[in-house]
Amino acid sequence: MALSGRARPRSARRRSAGPQHPAKVLALAFVAAIAVGTLLLRLPIAVTASAGAPPTWEEALFTATSAVCVTGLIVVDTATYWSGFGQAVIAVLIQIGGLGIMTAASLIAIVMARRLGLRSRLVASASVRAVGIGDVRSIVVGVAKVSFAVEALVAAILVTRYVVSYQVPLPQALWKGVFTAVSAFNNAGFALDSDSLMGYSRDPWVLVPVCVAVIIGGLGFPVLFELRKHIRWPRWSMHTKLVVLGTVSLLLLGWITLTALEWSNPGTLGEYTVAEKLLLGFVASVMTRTAGFNAIDTAAMSTQSLFTQDLLMFIGGGPAGTAGGVKVTTFLVLFFLIVTELRGETAVNIFGRRLSRAVHREAITVALLAVALVAGGTWVLLIVTPFSLDQVLFEVISAFATVGLSTGITADLPPGAHLLLVVIMFVGRLGPITVGSALALRERKLMFELPKERPIIG
């Protein structure tokens, strides 16, 4: 018997039920992790005795979102408010958010079942931006190995320094070193010192390992895997060349600019020696790579320095890593698009390769959605808060780019502003395209094309 126009086989209905798109599963997984983290942080054992009552739902939700989205913005002091249990919850949420929810889930599946199904491979591929489906298993394992190896090495250096130079008891030094290493590699910016890294502003043995972890995590796992296979520039893919070139250029630009702008500022670099100024300027540049630690007082920085950091934070780090922002590749693709247009050429050529036109549209879409989100968030916060444009714009970009740097206004924002920042952090972590894909009911393919017409531009 023929089926009617509306009727479908039961098996077909079962296959279409539930989230089918990997981006949708990824978004739901992040929501689930935030929800679980919020509930755990609401427990009485999550706070210290001096904190009194457990945190409000708003405080727990904001902290859990900031941890899963590896942002680092806080409404309560991580070092003094949260107990050992609460700090452990935050560390686990950071690790899960940094590795990617589905990457972590796929790793568990590998350990338990020794294999991945097609659905799991697709989801993991969306999480780590794998090129093919067949190599997802090796990529997931590789992500975990790189993450834990870097974190272990950095933690060992920090623990040794805490014990030897600061006489921190070994158990406390171990926990502090591990927490800081996890937070650094995952570009989270959570710290177990109330002043972040300001207490170590003259100690390169603490600052440099943290910076190295931030840079490695911000390059992105595809770049790290390729660098492990090929050391020579000519053998690198276009993606790796763009990320490495962009990362080095922006780090140098931020280092030179921030150091020069803050050189004589008594509230930041003014009191330090030349060598210490150069080190702290470098640290400030690295932390705008979406890391969120600060070794000098961000609130005391000049307006010019804050705007410089706005730009660097908005660009962010490499794709498929622990960094946020619109990503270095997006920024450089737009740069080469402009250069191509100014030259009057028809194709965008980068490093001897022609750039796919689909990448043009994707880069423009990501950039414009990011600008719209930052502009809209800034406009709303300017209405509901008494803070200046410099402070509000810095806070919103820090949330979108999952940086965690702040001029100190986060805790003083009203509840509505905190909820808005929660949404901005969530969208910023997953990326505008991923969130848009997750919200889309289905992909739409047109079976026809309309006639062309060209409006006047400029």
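1. Start with Trp236, which is buried because its relative accessible area is 14%; buried means under 20%, exposed over 50%, and partly exposed in between (1.4 Å probe, protein chains only). Trp236 sits in the loop between α11 (221-229) and α12 (238-262). Helices here are DSSP runs (H or I, at least four residues), numbered from the N terminus. Leaving aside residues up to four places away in sequence, Trp236 touches Glu226, Leu227, His230, Ile231, Lys241 and Val244, where contact means heavy atoms within 4.5 Å. Val223 is 13 residues from Trp236 in sequence, with a C-alpha to C-alpha distance of 9.1 Å.

2. A quick word on the model. It is a predicted one, so local features need pLDDT of at least 70 and side-chain atom pairs count only at pLDDT 80 or more, while totals for chains, interfaces and linings use all residues. Residues are numbered from 1 along each chain as its sequence is written, and side-chain values use heavy atoms, with hydrogens and water left out.

3. Now the aromatics. Searching the whole structure turns up 10 aromatic pairs. For the cut-offs, rings of Phe, Tyr and Trp (its six-membered ring) pair if their centres lie within 6.5 Å; planes under 30 degrees apart are stacked, over 60 edge-to-face, and the rest tilted. Take Tyr81 and Trp82: the ring centres are 5.0 Å apart and the planes are at 85°, so this pair is edge-to-face. Both partners are worth a look for burial: Tyr81 is buried at a relative accessible area of 14%, and Trp82 is buried at 1%.

4. Tyr162 and Tyr200 make another pair to check. Their ring centres are 5.8 Å apart with the planes at 45°, so the pair is tilted. This pair links distant parts of the chain, with Tyr162 in helix α8 (residues 136-166) and Tyr200 in the loop between α9 (170-185) and α10 (204-219), 38 residues apart. Tyr162 counts as buried at 1% relative accessibility, and Tyr200 counts as buried at 7%.

5. The criterion is NZ of Lys or CZ of Arg within 6 Å of the ring centre and within 35 degrees of the ring normal. Arg42 has its charged end over the ring of Trp57, 4.5 Å from the centre.

6. Leu382 is found in helix α16 (residues 357-384). With a relative accessible area of 35%, Leu382 is partly exposed. Not counting residues up to four places away in sequence, Leu382 touches Phe387, Ser388, Leu389 and Val392. Leu393 lies 11 residues along the chain from Leu382, and their C-alpha atoms are separated by 8.9 Å.

7. On a 1 Å grid over the protein atoms alone, a pocket is an open set of points with protein on both sides within 12 Å along at least five of seven lines, a cavity is a set where a 1.4 Å probe fits but cannot get out, and lining residues have an atom within 4 Å of a point. Points are joined across faces, edges and corners, and a volume is the space filled by probe spheres set on them.

8. The structure has two cavities of 30 Å³ or more. The largest cavity holds about 60 Å³ of space. Its lining includes Val283, Phe293, Asn294, Met301 and Leu405, and helix α13 (residues 274-287) gives the most to this lining, with three residues. The lining of the largest cavity divides into eight nonpolar, three polar and no charged residues.

9. The second largest cavity has a volume of about 40 Å³. Asn187, Val214, Ile215, Gly218, Thr247, Leu251, Arg289, Gly317 and Ala323 line this cavity. The elements giving two or more residues to the lining are α10 and α12, and the largest share, three residues, comes from α10.

Notes:
Nonpolar A, V, L, I, M, F, W, Y, C, P; charged D, E, K, R; others polar.
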